[in-house]
Amino acid sequence: MAEEEKMPDFSDVQSGTESTAEIVYEVKSGDTLSKIAKQYYGDANAYMTIFEANTDILKNPNLIHPGQKLRIPPK
């Protein structure tokens, strides 16, 4: 008689819509970090999350330019 194959236990897995994948967003004319934060996080005040993920290319959260590619980390 073959030994019973053990199935992995997924009982503690939770479903959700949040993704751990990082998004790359290309800045368009008229964009602000607050506007982008509102679009991706539903909260304009979360703009510092985007700024902090992009300090290699951004020195001031108020100065972004069309064409820049910003990392949008998961919230």
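Guide: What follows is a short chat about the salt bridges in this structure.

Guide: This is a predicted model, in which local features need pLDDT of at least 70 and side-chain atom pairs count only at pLDDT 80 or more, while totals for chains, interfaces and linings use all residues. Residues are numbered from 1 along each chain as its sequence is written, and side-chain values use heavy atoms, with hydrogens and water left out.

Visitor: How many salt bridges does the structure hold?

Guide: It holds 4 salt bridges, a salt bridge being a side-chain nitrogen of Lys or Arg within 4 Å of a carboxyl oxygen of Asp or Glu.

Visitor: Which side chain does Asp 56 meet in a salt bridge?

Guide: Asp 56 pairs with Arg 71, at 2.8 Å from N to O. Asp 56 lies in the loop between α2 and β2 and Arg 71 in strand β2, so the pair ties together parts that are 15 residues apart in sequence; helices (H or I, at least four residues) and strands (E, at least two) are DSSP runs, numbered from the N terminus.

Visitor: And what about Lys 75, where is its partner?

Guide: Lys 75 forms a salt bridge with Asp 43 at 4.0 Å, N to O. Lys 75 sits in the segment after β2 (69-72) and Asp 43 in the loop between α1 (33-41) and α2 (47-53), 32 residues apart.

Visitor: Switching topic, is Asp 31 buried or exposed?

Guide: Asp 31 is buried at 12% relative accessibility, where buried means under 20% relative accessible area, exposed over 50%, and partly exposed in between (1.4 Å probe, protein chains only). Its salt-bridge partner at 3.9 Å, N to O, is Lys 35, and Lys 35 is partly exposed at 46%.
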